[in-house]
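These entries record what I looked up in one structure.

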Amino acid sequence: MKTKLGLFQLYCIVLQAQFGSAIISIAHAVSEKSGAGGWLSCLLGGAANSLYIFMLWKLMVSAGERNVFQLVMQRLGGFGGRILLTINSLFYSLILFIILSNWLYTTELWAYPRTPEWFLMLTIFGVCIYLALQPIRVYARFAVFCTMFIPLFIFLSGYMLKDWNPYHLLPLFEAGPLSFLDGAFIALWGLAGAEIMLLLPGYYTHADKVKVLRAALFANLSTTFFYAFCVFSSMALFGKEMIAFIREPLLYQMKAISLNVIERFDLIIISIWILFILTSFYSYFMLIVSSLSAMLGNQQEAPKSITYVCGTVLFAICLFQLTAEQLDQVQTMTNRFAPLISFGLIACMLLFVWLTGLKNKRGGRRSQL
C-alpha cells in the first residue's frame, strides 16, 4: 500500500516541478518574441498548459495504484511500451541536460566562477539521488518547504516597480498574433515539469478526482501568474530594446536593490534559486528512472540499482558542457519543439491507453456472451 499524500502537497509538487530554471531568463526569452506584451504570452501559454494538465490527470485517473509508465507497459506490451518509454526517457534526459547546463552557466557567471563545474553537478546529482531513494513523502515535504520561498521573488520584483516606466509596456500588441504565439511556446517551455503527475496516481487513489485536478490546475495557474508578473516587471523596468541584451533580467533587477544591511540581493536570489533547480531536476530525474524501471518490469519507481546507474550515466553525459553560443542554439530549438513533443508524447499515451482499454472492454463483453 502506497503512502497517501495531501492535495496541498500535490499543489507544491506540481508547482515546484514547473517553477524552476526558466524564472531567471524567461523575461528575456519571451519578450524577444512578443515585445512589450510578453507577459500576455505567458498567460496564453499557461492557458494552453491547462489542457496539458488535464491530459496528465486523465492518465492519472486511468492508472489506479500504478504509475502511468507501468500502465503503458501493461497496456501496450513489452515491445510497444518500451519504444514509447525509451522516447520519453531520451526526451526527459535532454530537458534535464538543458536545465543543468543553464544553471551551471548562470551560477558560474554570477556567483561561483572558481568552483569546478563537476563539483556543482555532483552536489545536484547527490541530493537528487538521495531524494529519489527516499519515500515520496520526504520529497513532498521538501517541495512544501521550497514553495515558501516563491513569494520572495514576487515581493522583490514588485518592489522594483517603484522605478518602472509605463511607456516600456506600450504598444501592447505591436508584435502581432504570430509573435504572441511564438512567445506562448517559450512560456510553455518555462511551464514544463507537470509530467511529475505521471508518477503520482497511486498516492491519490483515496482523494476526490476532481479535487486532484483542481489542485494541479491551481499549481499551473500560480506558476503562470508568477512568470507573467516577473516578465511584466522586467519589461516595465528595462524596455524591449534593453531587455534584448540582458539574458538574466531578474538577476539584474535584484542586483539593483541596495539596502543598508544587504548589498547583493542577486546572490541571495541565486542561492534560493538552487532549491528550484533541485526540484525541477529531481522531477525529470525521477521520470527517467521510473521509465527505465517500468521497462525492466520492476514494481518500484526508483530501485537503488537503476537509480545509481542512471545517475552515473547522466552525470557522465552532463560533464560535456556547451559553450554559450551552443547553449543558446539548443535553447532556441527546444523552445520551439519541446512543447510539441511533450504534447505529442502525452497524447500518444492517452490514445493508446484509451484504445487498449476499449479493446479490453469489448473482449470482456464477448467472453460473457
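**Entry 1: helix α11**

I looked up helix α11, residues 265-295, and noted 31 residues with a reach of 46 Å from the first C-alpha to the last, close to the 45 Å expected at 1.5 Å a residue. The expected span is 1.5 Å times one less than the number of residues. Helices here are DSSP runs of H or I with at least four residues, numbered from the N terminus.

I record that this is a predicted model, in which local features need pLDDT of at least 70 and side-chain atom pairs count only at pLDDT 80 or more, while totals for chains, interfaces and linings use all residues. Residues are numbered from 1 along each chain as its sequence is written, and side-chain values use heavy atoms, with hydrogens and water left out.

I then checked burial and found α11 mostly covered, with 26 of its 31 residues buried. Buried means under 20% relative accessible area, exposed over 50%, and partly exposed in between, with a 1.4 Å probe and protein chains only. After α11 comes G297, and I noted its positive phi, near 80°.

**Entry 2: two residues**

I looked up L152, which lies in helix α7 (residues 150-159). With a relative accessible area of 29%, L152 is partly exposed. Not counting residues up to four places away in sequence, L152 touches I269 and I272; contact means heavy atoms within 4.5 Å. I also took the C-alpha separation of L152 and L314, which is 32 Å for a pair 162 residues apart along the chain.

S31 is found in helix α2, residues 26-34.

I noted about 580 Å³ of space in the largest pocket. Of its 26 lining residues, A29, I186, Q331, T332 and N335 are the closest to the centre. A pocket is an open set of points on a 1 Å grid over the protein atoms alone, where a 1.4 Å probe fits, with protein on both sides within 12 Å along at least five of seven lines; lining residues have an atom within 4 Å of a point. The volume is the space filled by probe spheres set on the points, which are joined across faces, edges and corners.

Which helix gives the largest share of this lining? I found that α13 does, with 6 residues. At least two residues each come from α2, α4 (68-110), α8 (177-190) and α13 (324-368).

For the second largest pocket I recorded about 330 Å³. It has 17 lining residues, and Q134, P135, Y203, E301 and A302 are the closest to its centre. Helices α5 (117-133) and α11 each supply at least two lining residues, and α5 has the largest share, 3 residues.

**Entry 3: cysteines**

I searched for disulfides, defined as pairs of cysteine sulfur atoms within 2.5 Å, and the count came to 0. C146 is in no disulfide, and the nearest cysteine sulfur, that of C12, is 9.4 Å away. C146 counts as buried because its relative accessibility is 0%.
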